Structure formats: C-alpha cells, structure tokens
Amino acid sequence: MLLTLDLNDARPLHEQVAGAIRRAIGEGSYRPGDRLPPARDLAQALGINPNTVLRALRELREEGLLEFRRGRGVSVAGRADGRALLAQQARELLDEARRLGYGRDDVITILEELP
C-alpha cells in the first residue's frame, strides 16, 4: 500500500491516513479479507507516530471497513460503499476550496452550474 500525506493539509494526520486507506479500499486496491501492514510499519513508512495510524485504523473499524483480530492483525471487512467514498472526496474538495478562498456555498453553486 502506497500512502502519502500532505504536510500542508490542515486536516489532522489521522484523518489523512484514514482517508487514504478508505480510498484504497474503495478503489479495490484492498479487498475484503486482505490484511493491512502492521500499524508500526505504516507509521514508519509515513514518518508519523504509530498512535496516529492506530487512531485512523480504529476510526475505520468503527465505520465497519476494518476488522481487528487478535494474532492476525487488521484486515478489510468490506468495501467502502459509494456514499462513504464520495463523502470523503467531497470533504477533500471542500478543504481545497477553503484553501483557495471559497466557501461551501460557493462550491455548491459551482456544482449546480456543471452540465
């Protein structure tokens, strides 16, 4: 799994990690039953604290995307439904719009003007 973080992103790191894993599941890079690398390995690869990765993994477990099994690690429980993936992308769009000086209503107006 190749995850990258944007250190200029205002979102907390655990949200960025959760979003990246959610996208990987939604796009099919990880399928139900696939095991994720250990949190320590992910943290080391990303250059962040293992507790940050664990917080992201717990969030995804609460969403029903991941299963924690003693002695077997973390595995994918199911695919991200389309709505969850779209909501993640919408959050990222709003974050980018804010960086450019646009608000939520501006984004809605832009979307309504699309063909």
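Predicted model: local features only at pLDDT ≥ 70, side-chain atom pairs only at ≥ 80, totals over all residues.
Local features need pLDDT of at least 70 and side-chain atom pairs count only at pLDDT 80 or more, while totals for chains, interfaces and linings use all residues. Residues are numbered from 1 along each chain as its sequence is written, and side-chain values use heavy atoms, with hydrogens and water left out. Helices (H or I, at least four residues) and strands (E, at least two) are DSSP runs, numbered from the N terminus.

**The nonpolar core**

- The largest nonpolar core has 23 residues, and Ile-21, Leu-36, Leu-57 and Leu-66 touch the most other members.
- At least two residues of this core come from each of α1 (13-26), α2 (39-46), α3 (50-62) and β2 (73-76).
- Helix α1 gives the largest share of this core, 6 residues.
- Here a nonpolar core is a set of buried Ala, Val, Leu, Ile, Met, Phe, Trp, Tyr and Cys residues joined through side-chain atoms within 4.5 Å.
- Buried means under 20% relative accessible area, exposed over 50%, and partly exposed in between (1.4 Å probe, protein chains only).

- Ala-39, Leu-42, Ala-43 and Leu-46 are the buried residues to look at in α2.
- These four lie on the same side of α2, because they cover an arc of only 100 degrees around the axis (taken from the directions from the helix axis to the C-beta atoms).
- An α-helix has 3.6 residues a turn, so residues three or four places apart point the same way.
- Arg-40, Gln-44 and Ala-45 are exposed on the other side of α2.
- Both α1 and α3 are among the elements that cover the buried residues of α2.

- Gln-16 sits in helix α1 and is buried, at a relative accessible area of 5%.
- Beyond its neighbours within four places in sequence, Gln-16 is in contact (heavy atoms within 4.5 Å) with Leu-5, Asp-6, Asp-9 and Arg-11.
- Asp-6 belongs to the segment before α1 and is partly exposed, with a relative accessible area of 36%.
- Although 10 residues separate Asp-6 and Gln-16 in sequence, their C-alpha atoms are 8.0 Å apart.

**The end of α5**

- Leu-114 is in the segment after α5 (104-113), and this residue counts as exposed because its relative accessibility is 52%.
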